[in-house]
Amino acid sequence: MNVRKKIWIFALVLAVALALCGCMQTDVANEEEIKADVVKLKIPEKLETNESGVPILKVYDTEAKAVSEMDLETYVMGVLAGEMKNDWPAEALKAQAILARTFVLKFIGTKDSKYEGADISTDVSEAQAYSEVNINENVRKAVEETKGLVMSYQGEFPQAWFHADAGGKTELPSVALEFKEGDPPYLSVTDSPDSDDAPDDVKQWTVTFSSKEFAAGCKDAGAETGNIETVEVGEKGGSGRAKTLIVNGKTVSAPSLRISLGANEMKSTLIESIDVNGGEVTIKGRGFGHGVGLSQWGAYAMAKDGKNATEIVEHYFKDVDIVKLWE
């Protein structure tokens with residue numbers, strides 16, 4: 001081989017090596033950037049921690065009507081037992097536990113409990129359901145196996161919304177919750193594989209209100225309608241959920257009306273039909289809950305199908321990281 005050819009081959013090898021080195025440096029830089037982003041996720045400063053680094057919460061119990069202290073993992077056990085059936089698939093329970101932790105840390109970092117001296121409460125009107133009596137070995141195991149795990153989006157706690165059944169498709173918070181702060185980029189209208197094992201009155205439901213009840217609900221939702229003559233769906237979201245209803249020609253917020261009429265009666269805003277007849281308003285719809293974030297019956301179906309907790313969470317929350325904050 002002549003000298004010229006040797007020099008050419010050496011130059012080629014050197015160029016490839018430098019290129020690979022550059023790629024490796026970029027990968028390392030990206031990893032460091034990700035790690036820095038994760039480090040930025042912090043436990044709210046107002047919370048003290050125990051010797052294991054687990055935050056200590058002051059929780060107002062609406063049944064005991066008193067504030068008690070407990071570590072966050074103990075609180076999550078009660079939430080998990082209150083929000084999901086304790087005999088459900090393990091990975092669905094674990095996904096819910098990750099959301100429960102994220103929810104409480106987001107709440108405490110951005111809001112104040114309405115109960116004096118408390119960080120959070122067992123009042124579902126401000127936080128999550130809670131049931132100490134329903135804690136069993138399945139719940140304990142799900143919490144222990146996800147200890148310290150939370151969602152992170154760009155170094156912040158995301159809104160960990162969840163609901164019972166999406167009726168096949170989730171919705172944006174601006175549509176289903178009247179969320180005024182803009183739709184977070186980690187949420188989208190997402191297909192939800194809600195299980196056929198869900199109760200019939202969750203998958204499909206019908207509710208009838210008297211004209212008087214419906215008018216009172218509209219008034220509470222901010223619209224004076226008088227005696228109900230016509231009701232139809234107005235603006236819709238990407239899932240088909242009603243953002244507004246047009247009642248006697250007046251616009252009424254569908255999410256607000258649902259709360260006014262009773263969220264256990266008008267189970268969702270995924271409305272299939274509305275009939276006004278004989279002084280009554282009959283609504284038929286699908287799903288149960290606001291429809292934002294994780295669907296519990298969707299998590300159930302995914303777990304039954306072999307998906308793990310991370311896969312379940314990341315199906316409903318896009319581009320989030322699952323981060324461990326304590327051991």
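View 1. Ile-246 stands opposite Thr-251 in E9, and strand E8 (residues 244–247) is joined to E9 by four bridges, the two strands running antiparallel. Helices (H or I, at least four residues) and strands (E, at least two) are DSSP runs numbered from the N terminus, and two strands pair if DSSP finds at least two bridges between them. The open sheet has three strands in the order E7-E8-E9, with antiparallel pairing. Strand E7 (231–233) and strand E9 (250–253) are the edge strands, each of them pairing on one side only. Neighbouring strands of this sheet are turned against each other by 30° on average, direction ignored. This is a predicted model, in which local features need pLDDT of at least 70 and side-chain atom pairs count only at pLDDT 80 or more, whereas totals for chains, interfaces and linings use all residues. Residues are numbered from 1 along each chain as its sequence is written, and side-chain values use heavy atoms, with hydrogens and water left out.

**View 2. Helix H8 against the sheet.** H8 lies across E8 and E9 and runs at about 70° to E9, where contact means heavy atoms within 4.5 Å and axes are lines fitted to C-alpha atoms, for helices over the stretch in contact, with angles from 0 to 180 degrees between N-to-C directions.

View 3. A pocket is an open set of points on a 1 Å grid over the protein atoms alone, where a 1.4 Å probe fits, with protein on both sides within 12 Å along at least five of seven lines, and lining residues have an atom within 4 Å of a point. The largest pocket has a volume of about 1,600 Å³, a volume being the space filled by probe spheres set on the points, which are joined across faces, edges and corners. Of its 47 lining residues, Val-124, Ala-127, Trp-161, Phe-162 and His-290 lie nearest the centre. Helix H8 (254–261) is among the elements that each supply at least two lining residues, while H3 gives the most, with four. The lining divides into 26 nonpolar, 13 polar and eight charged residues, with Ala, Val, Leu, Ile, Met, Phe, Trp, Tyr, Cys and Pro counted as nonpolar, Asp, Glu, Lys and Arg as charged, and the others, Gly among them, as polar.

**View 4. The second largest pocket.** This pocket has a volume of about 160 Å³, and its lining includes Lys-40, Lys-42, Leu-105, Gly-109 and Phe-157. By class, the lining has five nonpolar, three polar and four charged residues.
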